[in-house]
Amino acid sequence: MQIYSGVRTDSSRWSKFELRPGDVIVSTPPKCGTTWMIAVVSMLLHGNTELSAPTSELSPWLDYSPTAFDEICNAYGSQVGRRLIKTHTPVDGLPRDDGVHIISVLRNPLDAIRSMRRHVFNMVSPRKDDPFLKDENAVIARALDLAFRSTNVDDVSLELLVHHLRVSVLAMARKDREITLVHYSDMKRDLRKEVERVAAAVQATASQEFLDDVVEAASISSMRSKAEQFTPLSNVKHFTSTEKFFGVGEERGHDKLAPHLKTRYKERLAELLPPSEAAWLDGGGAPQSVIG
């Protein structure tokens, strides 16, 4: 397995974690719909929209280095039945285990970059040198040209999202893992369709009525109204406002971005990805367009 690390990530933990058949892993770059997908899959696996505990307790971030690994293993080890495991490690850094399904979620890179900046400003104690505390134009410009390295997996950038997509697509082409590829924009456009697709992928038994309930309970407005239930690290007061964690998305503001940034974004996408993959990462659509 490829090893990844960052300010908060230590993916070497995966080599010491015992997976079970039936486990589901949600693998995403930061700010690409992790919390949203965790909510959807948690409800599907538990067969209930009212969860027994906050999702941060049911699905702690496995490779989050500030939390003791033994604590995370105990949280997962004590669970009976199917488990949902959260990670920001790309899929080539995850074990190959039969009966384990991976859901890889991506997002429009400009949205993810801008959302990360808003995320950092909502933190109680951000690092003083955090590059996302700068002016938005400067943050975007840096993130569009920042080179991805396996040691900066927590730094949201265009190349980070491209890397996640590429390793997911390659793994799907090899058919050596069970992977479902989901785009944040598709969840925004038609949450019901994506919930149905995910339910089928993880083989969750669900009536049409229950799927309706999941769609309602996993809407952004509903999750915001129960922010303590769904916000990551809510138990340690990581954010100044758990409600602000659930933003409205950034897509509507793209037309207000500086023209040179929009131009550079298009140039970099074309440099880094073939046209079909670039179009999918930018706006979603049928996953078959990127896996053939």
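Mentor: Residues are numbered from 1 along each chain as its sequence is written. In this predicted model, local features need pLDDT of at least 70 and side-chain atom pairs count only at pLDDT 80 or more, while totals for chains, interfaces and linings use all residues, and side-chain values use heavy atoms, with hydrogens and water left out.

Trainee: How do you know that the chain agrees with a compact globule?

Mentor: The radius of gyration is taken over C-alpha atoms, and the globule rule is 2.2 Å times the number of residues to the power 0.38. For 292 residues that rule gives a value near 19 Å, and the chain has 18 Å, so the two agree. Along its principal axes, the C-alpha trace spans about 50 × 45 × 40 Å.

Trainee: What makes a stretch count as a helix or a strand?

Mentor: Helices (H or I, at least four residues) and strands (E, at least two) are DSSP runs, numbered from the N terminus. In this chain they come to 15 helices and four strands.

Trainee: Why is α4 called largely enclosed?

Mentor: Buried means under 20% relative accessible area, exposed over 50%, and partly exposed in between, with a 1.4 Å probe and protein chains only. Ten of the 13 residues of α4 are buried, so the rest of the structure largely encloses this helix. Among them are Pro109, Leu110, His119 and Val120.

Trainee: What caps the N-terminal end of α4?

Mentor: Asn108 does, with a side-chain oxygen 2.9 Å from the backbone nitrogen of Leu110.

Trainee: Why is Arg268 called buried?

Mentor: Its relative accessibility is 7%, so Arg268 counts as buried. This residue sits in helix α13 (residues 259-272).

Trainee: What makes the pair Arg268 and Glu271 a polar contact?

Mentor: A polar contact is a pair of N or O atoms within 3.5 Å; within protein, one must be able to donate a hydrogen and the other to accept it, and residues adjacent in sequence count only if both atoms are side-chain atoms. The side chains of Arg268 and Glu271 make such a contact at 3.0 Å.

Trainee: Is Lys31 buried or exposed, and how do you know?

Mentor: At 14% relative accessibility, Lys31 counts as buried. Lys31 lies in the loop between β1 (24-27) and α1 (34-46), and has a positive phi of about 65° although it is not a glycine.

Trainee: And Gln203, buried or exposed?

Mentor: Its relative accessible area is 67%, so Gln203 is exposed. Gln203 belongs to the loop between α8 (191-201) and α9, and its phi is also positive, near 55°.

Trainee: Why is Gly99 called neither buried nor exposed, but partly exposed?

Mentor: Gly99 has 36% relative accessibility, so it counts as partly exposed. Gly99 is in the loop between β2 (84-87) and β3 (101-106).

Trainee: What makes Glu209 exposed?

Mentor: Glu209, in helix α9 (residues 208-217), has 56% relative accessibility and therefore counts as exposed.
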